[in-house]
Amino acid sequence: KLINAPMWNIHPVLCENVLVERVKVVTLGPNNDGLNPEACKNVWIRDCYFDTGDDCIAIKSGRDQDGRNIGRPAENHIIENCMFKEGHGGVVIGSEIGGGARNIYALNNIMDSKELDRALRIKTSSSRGGVIENIFFYNTKVGQYKEAAVRFNMFYEKPGNHIPTIRNIWVEKLNV
């Protein structure tokens, strides 16, 4: 259980075969992401609880040129049976996503809070670049939310010369 951390709570970077299980994150300050796997491969997040002041889970792969230089996408993530309360987004891809993201599966999750801005969010920009593909958002129950159940933003921050690609996004059985 993590309570009131001053910034991002869990942040594995360039890791493989990560399991995050039965973690409870309650931290409502600014920039208090719950979990930020960055440029990680084979990540399994299950049976967790997120109530945050920023993104609940934000999948990342490097900011701008740093992410493009390493060139390691976030890939093969499973997020299942989690509860999401307050936050800017439940399952978020970006904004630091220069290396791209692929094969992200979010299934059987519950999201419910009048202070949850979005359920599924992809945020990137032409200063980031990268390819975000094969995203599966399945069997998600969303109660209250503030702005949108699903939102993609390709103009999140400053413009640049690295147009990102978003493709193969599958949202099924989204009960709002």
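**Note on the cysteines and asparagine 139**

1. Cysteine 40 is buried, its relative accessible area being 0%, where buried stands for under 20% relative accessible area, exposed for over 50% and partly exposed for what lies in between (1.4 Å probe, protein chains only). This is a predicted model, in which local features need pLDDT of at least 70 and side-chain atom pairs count only at pLDDT 80 or more, while totals for chains, interfaces and linings use all residues. Residues are numbered from 1 along each chain as its sequence is written, and side-chain values use heavy atoms, with hydrogens and water left out.

2. For cysteine 40 the closest cysteine sulfur belongs to cysteine 15, and at 4.5 Å it is too far for a bond, a disulfide being a pair of cysteine sulfur atoms within 2.5 Å. Cysteine 56 is likewise buried, with a relative accessible area of 0%, and its sulfur lies 9.9 Å from the closest cysteine sulfur, that of cysteine 82, which is too far for a bond. A search of the whole structure finds zero disulfides.

3. Asparagine 139 sits in strand E13, residues 131–142 (strands, E, are DSSP runs of at least two residues, numbered from the N terminus). It counts as partly exposed because its relative accessibility is 29%.

4. Beyond its neighbours within four places in sequence, asparagine 139 is in contact (heavy atoms within 4.5 Å) with Leu107, Asn108, Asn109, Glu172 and Lys173. Asparagine 108 is 31 residues away from asparagine 139 in sequence, yet their C-alpha atoms are 5.0 Å apart in space.

How values were computed:
Helices (H or I, at least four residues) and strands (E, at least two) are DSSP runs, numbered from the N terminus.
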